[in-house]
Amino acid sequence: MTSHRPADCSAHFGPAYGLAGAEGQPIRLGWSVFGEDNQPGPATSTSSTSFSLQNGRLGCFSLKFFNLVSEIQWPTFRPRLDLRVHFRLIMAPPWQSQRSSSPSQPAGKGEVADVKTQLRNLAGSRAPGVDDSKRELFKKVISYMTIGIDVSSVFGEMVMCSATSDIVLKKMCYLYVGNYAKVNPDLALLTINFLQRDCKDEDPMIRGLALRSLCSLRVTNLVEYLVGPLGAGLKDNNSYVRMIAVMGVLKLYHISASTCVDADFPTTLKHLLLNDQDTQVVANCLSALQEIWSLGGSASEEVSREREILLSKPVIYYLLNRIREFSEWAQCLVLELVAKYVPADPNEIFDVMNLLEDRLQHANGAVVLATTKVFLQLTLSMTDVHQQVYERIKAPLLTLVSSGSPEQSYAVLSHLHLLVMRAPFIFSSDYKHFYCQYNEPSYVKRLKLEMLTAVANESNTYEIVTELCEYAANVDIPIARESIRAVGKIALQQYDVNAIVDRLLQFLEMEKDYVTAEALVLVKDLLRKYPQWSQDCIAVVGNISSKNVQEPKAKAALIWMLGEYSQEMHDAPYILEGLIENWEDEHSAEVRLHLLTAVMKCFFKRPPETQKSLGAALAAGLADFHQDVHDRALFYYRLLQYKISVAEQVVNPPKQAVSVFADTQSSEIKDRIFDEFNSLSVVYQKPSYMFTYKEHRGPFEFSDEIGNVSIGTESADTVDPNRVEANDKDLLLSTSEKEETRGLNNSSSAYSAPSYDASSVSVPTSQLSGLVISNPSVSGNAPQSSFAIDDLLGLGLAVAPAPAPSPPPLKLNPKAVLDPTSFQQKWRQLPISLSQEYSMNPQGVAALTTPQALLRHMQGQAIHCIASGGQSPNFKFFFFAQKAEESSTFLVECVVNTSSAKAQIKIKADDQSATRPFSSVFQSALSKFGMP
Amino acid sequence: MISQFFLLSQRGDNIVFRDYRGEVPKGSAEIFFRKVKFWKEDGQEEAPPVFNVDGVNYFHVKVVGLLFVATTRANVSPSLVLELLQRIARVIKDYVGVLNEDSIRKNFVLVYELLDEVIDFGFVQTTSTELLKSYIFNEPIVLESARLSSIGPTGLFMQGTKRMPGTAVTKSVVANEPGGRKREEIFVDIIEKISVTFSSSGYILTSEIDGTIQMKSYLSGNPEIRLALNEDLGIGRGGGSGYDYRSSFGSGAVVLDDCNFHESVRLDNFEVDKTLTLVPPDGEFPVMNYRMTQEFKPPFRINALIEEAGAHKAEVILKIYAEFPSNITSNTVAVQMPLPKYTIRASFELEPGAVGQTTDFKDANKRLEWGLKKIVGGSEHTLRARLTFSPEVHGNITKESGPVSMTFTIPMYNSSRLQVKYLQIAKKSGTYNPYRWVRYVTLANSYVARI
């Protein structure tokens, strides 16, 4: 990859700044498509349109970065999620009239009353120096306000005192009024007068301040007084006033959207956005319009048209051409918008990137990350260029990580972490940057450890593992543990584990209890993947006294190895015997479960030595108060009673080595986080729908309701176990891209279901690891393959089959068709006619490990799925169905929680009267799911 | 877009509280403080700068012990909010001169005034001290104590040569000096934080310099400034891998891995003569941040040894070599070394005639601490410590002790050899000759020797 970079690495820096271009000249292509590079003359990429990117400083870019682009398939469009439901948001800000004053602060009615009297005395006074006394009193009031003392009782006096020309006094008064108007709407009326007067003051500062306060009153019945001053403010010849007026429009929208729209303010903002000379006014228009449109659900078609205009070429180019005039914060705003822009062709993409190239050298990390997002989003469809973007942004991001405060560097590091996890091979030579420093906070070290694990490859593993081993003796024990786990993970992802196994075994000999504990767990996992190492490991493990191992996970691991390798470990039956004797003292159910299994396995291999312990273990297990332990003991007991050879087949069958351990996060989730680059999703490592309410997802976050779940159709792909080992390039693509690729393969439909790979199914390893091993093929798609597991989950035994449903009175059209857009529209228009919660039967829940199964099942019942998503334990589906004889449609939102075995159903119907019958059809269909 | 901003003291008291959007319940400051204080039960782990409690996202940065906090319900850019908080701290510092709880409490009305102009309805309007000047009417109340003592980076230069007026940088950008007249001066500080890890055999495993050129201008009329750096300065090295040490050490060329610049910096001539042109805005700001992994000579070498000395006893020998010129002095050097958990006592032996050195054994976290007030370039210092262990079983003492870490400040020294060759102020008048301070300092970031 490094070969893509020019030998002279200062190129990105060099000539670009050396040659000054004339103002207004169209930009030249530096990042260009291979082949066009040598064309003489100014390559005006956008000549076909009347818009071009102008660039003041950069005349000729000699960047050769993206020149080695070969075989690029240019998509004609980037698919975006089309299913959007817009919700009108009615949000009353919660407001408490009083805050409890903190105990350390002086509080008291006495002081407030005192201030009140003094203010009253000053109100009418015209004595010299009265303003100074007023200032002192005002300060006192505001300091009370800050520490939480309720000073709303002096409202009247404050307003009386505010008739002054002293701007400092005015400002304090405005601050006070803004804070208390909401709880004193009647008193707020008092302020309207003087605020309105101030809005016409000669001094633009006062006009602006008054307007800001007026709009901050947040009192619904006063909105009529806002319209006039706001309208004047938007037309004010002073940019400070306009800037405040624009924000005022947004405030008004929050108080009364209809007043705001009736006054046609959004239209004025649109005009200002494209015409105002002041960039902060423009920036505020952009913020305000985005927020207004993301809230405005009622006229949603109009709104989506407005959004499209905002993302149209003229607007985007207008903003891009002025980007350097904007403040750094406004630049972030513009860049965030540009990241959503869909350029018409690759040339345009390169134009935008060339223009923004120097933003990557900004000292403000927010600007750099916003630019990075633009680059990543724009190049999604061009794998090679996309990869080069990674190379390009590496250095700036690393610089940001090491400059600035620890907090800022953490925010950038989280994003770097995301990129490293996506494309570890690109960062494999930078591993030293991810070494932990002793004084870094744990949250930074944790990220770095994961990055080190990810970038380890054949060439750097030795050094990385050496470094990690240093951390194992770290004073920070949680980090020491994670370091050992990291060594283990590297061992599991490498082919040549020779050296690593030695290191792990050295950990076992370090005689630090937590090191031993972590190492034991790792050795166990290692043996599951590389059984060929058993000889070396067992020799060391055999020397560990079980008395020195106290942590349940470690103890369970040790016991598992004792059972699994009881043939090779001479003492195994006797160690197990000792452990069983102390059954009562063993507090962890996990350990007791493992003990049962291990002693069974040992029994099959060395019956005479184990028989006694087995009896004791089963007896203790049957008497155990823990349900799982009891059940497992009972199960083993009956198995043994039935036939010992069958018991052996069940408990200790021949094993296959585990090839890949389940990933904790599904790739779908990861893609979603990537699509939300430069947001909190990256820091939390969760998509936004998991931690925000939809109204707060920020402007232009289209992922409402249906958008949250990926578009799916009946044409569910079969699960491909190899998906887990998707090639590296694939990892660079985001959801939309993958969907597109698959869409091409699947000509029957423009949309296709994302294949639900087995890795996303979290196998409940904690309790069952011993048994999962005994059947490594168990994963979500084969729940019935091992009845042992079903048994222990308590699923297959005591549940009586659900009563057969009565024949449905409603006939559904099995070939119903509905496209996603119409679904979205209908969903928006129709009211909910039924909302219900069903209990699902356990078989259904178990079968849900592959949601596709439910889709197929429901389709068999003439109920079609249009979208599905989520992850265990919450799954969400959108279904639709049509009556057989007429075109009346039913829409269903179904949220299944597998841990509570509940399904929440919302039904919307064209024909409300048919809701009940449909509901029973739906319920019966659902209840049959998972039944043989 | 943020919902609230507040400033908490170390004890969790509200010093400033501003609600911009009324979306987050009012108890947020208490919720936040409790969460930060008790992030993990054992109190060992620091709370991350960003976390979510009941759908509210809390951002915080710590500046001189104060907590600058923002809340929001929206899924915003974490970088933007954290950067903003840092910038708010800087703007306040520009106004009140020195940032601490006292100065903010004295000036809280001014701080509210600033906050109203910096943020409107949760959206950032401006953080430029320069632009804010025209909107701000409160006069800062400058603390008397601030003129005398100062904390933070300004203190770093004080022990250097006498002509370094450390206190000058703590003056407010708007307040007038007691004498009435404003002094025309400009400060350019080259601050380098170095990270070095030595292996147990004394080899350098990793090394990095994170530098920043910081400027604070008190020049009237905003003249243009030209800042010339080393002529042979190179930027970007070795393509993808930043760690292939070239044999450039000693050859003279300074090669940075990467750097970034403040908005106001123009790089028109940077390629040609390595000069940065800028019109410095008021207030303190970083002109340029840079990062360098090119090999450099570490200012200190550390030699650490621990060996058994009889039953339940061991001896530690720590040696420090100052490898910088003898006309330079390093200040406030502290050396720390974690000792095995079963250490119960330590007795120390300093070299004969040692002045200004302290030793301590912290029993709570089993750590050896060695403080040196001053280290003159070229000198060498040794500490011997005799450890007594508890009689219980213990493992490998080498594996259970260390690594040795060191913190220090070296004024008027920089490891990267990046230099400001000249600082030109463009102004017509011939008599105009403001004070120009160019100062260097090297700090230890993570300076570690393994055992």
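Over all chains of this predicted model, the count comes to 63 salt bridges, a salt bridge being a side-chain nitrogen of Lys or Arg within 4 Å of a carboxyl oxygen of Asp or Glu. Residues are numbered from 1 along each chain as its sequence is written, and chains are lettered from A in the order in which they are written.

In chain A, the side chains of A:Arg481 and A:Glu551 meet in a salt bridge with an N to O distance of 2.6 Å. Because A:Arg481 belongs to helix α23 (residues 477–493) and A:Glu551 to the loop between α26 and α27, the pair ties together parts that are 70 residues apart in sequence; helices (H or I, at least four residues) and strands (E, at least two) are DSSP runs numbered from the N terminus. A:Arg481 counts as buried at 18% relative accessibility and A:Glu551 as partly exposed at 28%, where buried means under 20% relative accessible area, exposed over 50% and partly exposed in between (1.4 Å probe, protein chains only).

In helix α26 (residues 534–541) of chain A, the buried residues are A:Ser534, A:Cys537, A:Ile538, A:Val540 and A:Val541. Seen down the axis of α26(A), these residues fall within an arc of 165 degrees, taken from the directions from the helix axis to the C-beta atoms, and they therefore line one face of the helix. They pack against α24 (498–508), α25 (513–529) and α27 (552–564) of chain A, contact meaning heavy atoms within 4.5 Å.

In chain B, B:Lys216 forms a salt bridge with B:Glu284, the closest N and O atoms being 3.9 Å apart. This pair links strand β9 (residues 204–217) with strand β16 (residues 283–292), its two residues lying 68 residues apart. Both partners are buried, B:Lys216 with a relative accessible area of 2% and B:Glu284 with one of 13%.

Chain B also holds an open sheet of 4 strands in the order β17-β18-β23-β20, with antiparallel pairing, two strands being paired if DSSP finds at least two bridges between them. β17 (300–308) and β20 (343–350) stand at the edges with a single partner strand each, so one side of each is left without a neighbour in the sheet. Within this sheet, 9 bridges join β18 (residues 313–322) to β23 (residues 380–389), and B:Lys319 stands opposite B:Thr382 in β23(B).

Definitions and conventions: This is a predicted model: local features need pLDDT of at least 70, side-chain atom pairs count only at pLDDT 80 or more; totals for chains, interfaces and linings use all residues. Side-chain values use heavy atoms; hydrogens and water are left out.
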